[in-house]
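Hello,

Here is the structure I said I would pass on. My notes follow it.

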Amino acid sequence: MTTGEIAVKLYFEQELPFVIYSKPNATKMIAVLQKNSNIYKPSQAASGFVFAPFKGEASILISEKHAEVFVETIDFLQNPKPFTPNASFSEMDKSSFEAMVTAAVTAIHSNALEKVVLSRKELVKTKEIQPYELFKRLKSTYPDAFCYVWYHPKVGCWAGATPERFLKKSKQTIETVSLAGTQLFHENTVVNWSDKEIEEQQIVTSYIQSGLQNYCSEVHISETYTQKAGNLLHLKSDIKGELLSDADFIKVIQKLHPTPAVCGVPKDKALEFIDKSEGYDRTFYTGYLGEWLKDFENEVPNSSDLFVNLRCMKMEKNEAELFMGCGITKDSSPENEFWETVNKSQTMKRILAD
Ligand SMILES: C=C(O[C@H]1C=CC=C(C(=O)O)[C@@H]1O)C(=O)O
C-alpha cells in the first residue's frame, strides 16, 4: 500500500472528507484529505477541490487550508477485465423515459425549446467496494477520463469517469470543450454522424462561444472531431480563450454552467422542463468538480481545472445509484434516446461488475 492509499483508508474509517482523482491520461493520482468534517465553500480566497451541484449554491470545497495532499505515481494500471454489457432495465423505466422524451420533442416542435438534456437514474446492487479499490478500477478501465472518488460524511460518496472538461484556467488562458452526440463504439467501423447529432453538438458550441464573448479577448474553436469515451463515441470541439484582465472567473462559470451538453437552450426553459419532467433531483450529477485555484501536481496557485460530473454514481454500502442522460432535439427518437441511456449506464456497470 502507498502512503496515499493508507491515508485514504484512515480518513474514510474516521468519516473525514476526501477526494482521490486523476486527470485524463495522467500518470499521477492526487488525494486531498480534509482534517475536519466541516463543509467549506469555494471562493476567490479559498483553494481546494470543488464539488458543485447541477443547480443551486450548494457547492462544497475540500479545503486545501485544512487538508493534507498526496501526489503519487500511478503504478496499478492493468488491462480492464472482460465485461459483458448488462442491459437490464425495467419496462416502466423505459416507457416513462420515452414518454418524457416524446413530450420534449413536442415542446421543441412548438418552439418552446431548442434542446433539452433529459436523464434518469438506476439503482444497481453491488458489493461494498473500498474507495481506493474503486478508484483503481476507474483509472485502470478509463485512463483517458477524469476519474475520481469523492467522499463527505454529510453528503455521501460519489465516483465517476467523465469524458468532459468543463473549464480549465491557467493564468489568463481558459480551455473548455463542446461535447455532445453519442454513438456506440464498434471496432474497425467508419464513424458517421447524423444531422441530429451534428446539430446537438453545434448548439453547445454556439452557446459557449456567445457565453465567452464578454469575458474573452479572443476565442478559438477547433474543428469538430470524434472522441472515444469507454464504449461510446462523442462529437467534440476544443475551445480556447484569453480572459480579459478584469474578467471574473466565477462569473464565467456562472455564465456557462450548466451548458447545453447537460441542460439545454434556452437555459431557463430547459431547467424548467427538467424540473417538471425528470421526477428526481440530480443533485451533483451534471454539476462540476475539480481543482479550485490550485494545480496540486505542479503546486501552482490560482489554476483551476473543472470537469462535468458525468458517467458517475452515488455509492451506498450495497447499492449504487447510476445517472445518465441524453440531449433531445427536434429529430430525437424516444426509443433511441432510451438506448443511449442504457449504453451510458454500462460505463459505471463495468466498474461495479465482480
Ligand atoms: C448527459 C450526459 O452526456 C452528455 C455529454 C455527452 C453526450 C451527450 C449526448 O449525446 O446526449 C450529453 O450531452 C450523460 O452522459 O449523462
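**The annotated domain**

The end C-alpha atoms of residues 94–344 lie 14 Å apart, and this span is 30% helix and 38% strand. UniProt, in an unreviewed entry, places the feature "domain: Chorismate-utilising enzyme C-terminal" at these residues; such annotations may be inferred rather than shown by experiment.

This is a predicted model: local features need pLDDT of at least 70, side-chain atom pairs count only at pLDDT 80 or more, and totals for chains, interfaces and linings use all residues. Residues are numbered from 1 along each chain as its sequence is written.

**Whole chain**

The protein chain has 7 helices and 20 strands (DSSP runs, H or I of at least four residues and E of at least two, numbered from the N terminus). Its C-alpha trace spans about 55 × 50 × 40 Å along the principal axes. Buried residues (20 or more other C-beta atoms within 10 Å of their own, C-beta placed from the backbone) make up 47% of the 354 residues.

**Helix H3**

Helix H3 (residues 131–141) is largely enclosed by the rest of the structure, because 9 of its 11 residues are buried. Among them are Tyr-132, Phe-135 and Arg-137. The buried residues of H3 pack against helix H1 (3–13), strands E1 (18–22), E7 (146–152) and E8 (156–162), and helix H7 (334–352); contact here means C-beta atoms, placed from the backbone, within 7 Å.

Regards

How values were computed
A residue is buried if 20 or more other C-beta atoms lie within 10 Å of its own, exposed if 12 or fewer, and partly exposed in between; C-beta atoms are placed from the backbone. Two residues are in contact if their C-beta atoms, placed from the backbone, lie within 7 Å.
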